[in-house]
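This report describes a protein and the ligand that it holds. Please keep the sequence and the structure in view while reading.

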Amino acid sequence: MPTAAIVVDVVRLEEQMLLKALGEYMNVNMVNVRSRALEIGIDGFDAAVIRPISMYRAAYTAASFEAAGVFTVNSSQTIMTAGDKLLAYTQLAAARIPIPRSFYAADVDAALEAASRLGYPVVVKAPVGSWGRLVSRADTPEELEQLARMRQELPCSQTRSMIIQEYLDSGSSDIRCIVVAGTLLGCIKRVAQNGEWRSNVALGARTEVYKPDPVLEDITVRAAAAVKGFFVSIDVFEDDERGYLVNEVNGVPEFKGFYRATGINPARRLAEAILEELKH
Ligand SMILES: Nc1ncnc2c1ncn2[C@@H]1O[C@H](COP(=O)(O)OP(=O)(O)O)[C@@H](O)[C@H]1O
Ligand SMILES: [Mg+2]
């Protein structure tokens with residue numbers, strides 16, 4: 001029987017579901033990276049599911065296991081690319097997957113220049129961050145300048161970097177799709193509530209099941225492939241004129257809300273897909 005590690009920093013419902021699902025096919029160990037150090041290139045697992053909430057913890061864990069030849073979900077490369085919105089957009093754009101119009105702006109003047117090309121309002125994002133925390137909207141050049149200047153005071157060069165993006169009216173709802181081993185499992189729609197324009201569940205959005213059409217299926221499977229993701233969520237906006245636009249890829253996907261809304265258990269599908277992969 002194969003052995004698998006579930007690597008965590010915090011145990012959420014998702015990790016408990018993974019423990020149960022993988023346990024039906026493999027010997028499973030929960031490894032907490034906050035108390036267990038990983039010796040680079042040496043470890044006795046066949047597979048590792050990487051779950052730390054912190055992106056660097058996740059990426060460094062994955063890299064340590066990969067060096068030992070462990071099949072790692074996701075790979076360190078996928079976690080780094082997906083975890084950095086700017087790098088993710090570059091990979092999606094290179095694969096000709098439609099994304100919102102987005103600019104990289106290194107400083108205040110560049111941010112203003114990008115917005116003058118896009119028109120207002122614009123969305124300002126940091127490459128890293130989740131739950132809507134580093135996503136803001138600027139309605140005027142004055143607002144953008146203030147926001148961009150504030151960003152430049154942040155201590156980390158990653159959060160000083162800005163993505164200036166067109167504001168989409170349809171962005172207050174998005175479709176979250178989960179892809180496992182090249183197959184779309186299903187989708188949910190998240191709709192912002194109570195005057196909030198961001199559709200993060202952490203900001204109070206409600207969720208409902210969404211039935212994907214073949215176009216969405218094709219885009220999400222290609223988006224997963226563009227970041228070489230084995231188990232990823234793909235967040236998509238629906239634009240009236242351009243159709244589906246991929247907004248975000250997550251390399252350590254949360255799936256509690258997805259499971260509640262759809263009844264599909266991604267942990268189980270992942271366990272089966274890993275077992276299949278280990279046979280090769
Ligand atoms: N270009 C945009 N236009 C309109 N709304 C957006 C845009 N980008 C993001 N949003 C809204 O903000 C939310 C958070 O942005 P997102 O890029 O997903 O960052 P996070 O990683 O914090 O979730 C999205 O779910 C969406 O509702
Ligand atoms: Mg998001």
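How many bridges join strand 9 to strand 10, and do the two strands run parallel or antiparallel? Strand 9 (residues 173–180) and strand 10 (residues 183–191) run antiparallel and are joined by 8 bridges. Helices (H or I, at least four residues) and strands (E, at least two) are DSSP runs, numbered from the N terminus.

## Basis of the model

The model is predicted: local features need pLDDT of at least 70, side-chain atom pairs count only at pLDDT 80 or more, and totals for chains, interfaces and linings use all residues. Residues are numbered from 1 along each chain as its sequence is written, chains are lettered from A and ligands numbered from 1 in the order in which they are written, and side-chain values use heavy atoms, with hydrogens and water left out.

Two strands count as paired if DSSP finds at least two bridges between them.

Another open sheet has 4 strands in the order 2-1-3-4, and its pairing is parallel. Its edge strands, strand 2 (27–32) and strand 4 (71–73), each pair on one side only. Neighbouring strands in this sheet are turned against each other by 20 degrees on average, direction ignored.

Strand 1 (residues 3–8) runs parallel to strand 3 (residues 47–50), and 4 bridges join them. A4 has A47 in strand 3 as its bridge partner.

## The ligand and its surroundings

Which residues are closest to ligand 1? They are K85, G132, G171, S199 and E248, among the 21 residues that surround the ligand. A residue is near a molecule or strand if one of its heavy atoms lies within 4 Å of it. The shell consists of 7 nonpolar, 8 polar and 6 charged residues. Here Ala, Val, Leu, Ile, Met, Phe, Trp, Tyr, Cys and Pro count as nonpolar, Asp, Glu, Lys and Arg as charged, and the others, Gly among them, as polar. Domain 2 (102–166) and domain 3 (169–268) both contribute residues to this shell, so ligand 1 lies between them; the domain bounds come from an automatic or database domain assignment.

Some atom pairs can be named. The side chain of Q165 has an N or O atom 2.9 Å from a nitrogen atom of ligand 1. For N247, a side-chain N or O atom is 3.1 Å from an oxygen atom of the ligand. The protein covers 99% of the 540 Å² of accessible area that ligand 1 has on its own, with areas taken from the Shrake-Rupley method with a 1.4 Å probe. Strand 6 (122–125), strand 8 (162–166) and strand 13 (243–250) are the elements that give two or more residues to the shell.

## Backbone details in the loops

The peptide bond between V73 and N74 is cis, with omega about -5 degrees. N74 is in the loop between strand 4 and helix 3 (76–83). Another cis peptide bond runs from Y120 to P121, with omega near -5 degrees, and P121 is in the loop between helix 5 (108–118) and strand 6.

W131 is a residue other than glycine with a positive phi, near 60 degrees. Its place is in the loop between strand 6 and strand 7 (135–138).

Key
A polar contact is a pair of N or O atoms within 3.5 Å; within protein, one must be able to donate a hydrogen and the other to accept it, and residues adjacent in sequence count only if both atoms are side-chain atoms. Axes are lines fitted to C-alpha atoms, for helices over the stretch in contact, and angles run from 0 to 180 degrees between N-to-C directions.
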